[in-house]
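Good morning, and thank you for the time.

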Amino acid sequence: MIKTGHELSEAEIAARYEQLGDTLRMPPYFYSAVAEFIGPVGGATVLDAGCGTGELLVAVQRLNPQAKLCGLELAPSRVESARQRLGPGADIRLGSLNAPLPFAPESADLILVTEVLEHLKEPVAALRHLRRWLRPGGAFIITVPNSSAWLPFSPLAARLAPHFKSARGFLPHEHPLRTEQPIDTVFSLADIRTIVQASDLRVIASACAEVLPYLAEFAYKFTPGWDIAPLRRPFDRLATRLGFTALGYRLMLRCACVT
């Protein structure tokens, strides 16, 4: 796996996220896609570990108005943005996944870890740590970038990108030549499976988004003005139904604890 910023301290990482503020966010479709994958939760307690500015919790709230929403975020400005976006009904707190969480143990029915593992130095330790706040019978919803979806173009793009800026568009967003994050990691599909297994979790359901992500880059470069975004969700749903989730750049996993 390829790493960026793993030499930074947690304080340095938090400061750089504070500087970035609200500029880092996923495309709007992503949050609705994850909320769709989560499905109905009724009045369950949902903890978003690494909630950013709260967009995913908003999407969950829209589908589950009775759910109790909690969030944890490292950067103070992002905590404030999430609180403003979600209102007083949500419990959004400042904290780190590397420290005891400011919530009661075994208080969450569902813990969301979305687009977070690639920004952690020790993702397995973080998932094991988070299990303490999951109620018996609860589940994790994990989404993580799958760099294998960029094959076969990414190895060539990595060689060309230092010389041709346009080649960077065929690299995973986590690659050192493309990332805007202070800390990032390029995970292959095999890496993701190893992390889940080493965390004593098992996958009980999966879905994907951004199937064959390089197609969007080809469309952007060779058919300017054509918006491929409306085609993504139907294509992603089809790939999920057919069991081709490994082709998705954004893997969505529902995981239960093994022990």
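Helices (H or I, at least four residues) and strands (E, at least two) are DSSP runs, numbered from the N terminus. This is a predicted model, in which local features need pLDDT of at least 70 and side-chain atom pairs count only at pLDDT 80 or more, while totals for chains, interfaces and linings use all residues. Residues are numbered from 1 along each chain as its sequence is written, and side-chain values use heavy atoms, with hydrogens and water left out.

I begin with Glu 118, in the loop between strand S5 (108-114) and helix H5 (123-130). Glu 118 is buried, meaning under 20% relative accessible area, where exposed is over 50% and partly exposed lies in between (1.4 Å probe, protein chains only).

Arg 250 does pair elsewhere. Glu 115 forms a salt bridge with Arg 250, with the closest N and O atoms 2.5 Å apart. Glu 115 lies in the loop between S5 and H5 and Arg 250 in strand S9 (residues 248-257), so this pair ties together parts 135 residues apart in sequence. A salt bridge also joins Glu 174 and Arg 250 (3.9 Å, N to O), and both residues are buried.

In total, the structure holds 11 salt bridges.

Definitions and conventions. Lys, Arg positive; Asp, Glu negative; His and termini not counted. Salt bridge = Lys/Arg side-chain N within 4 Å of Asp/Glu carboxyl O.
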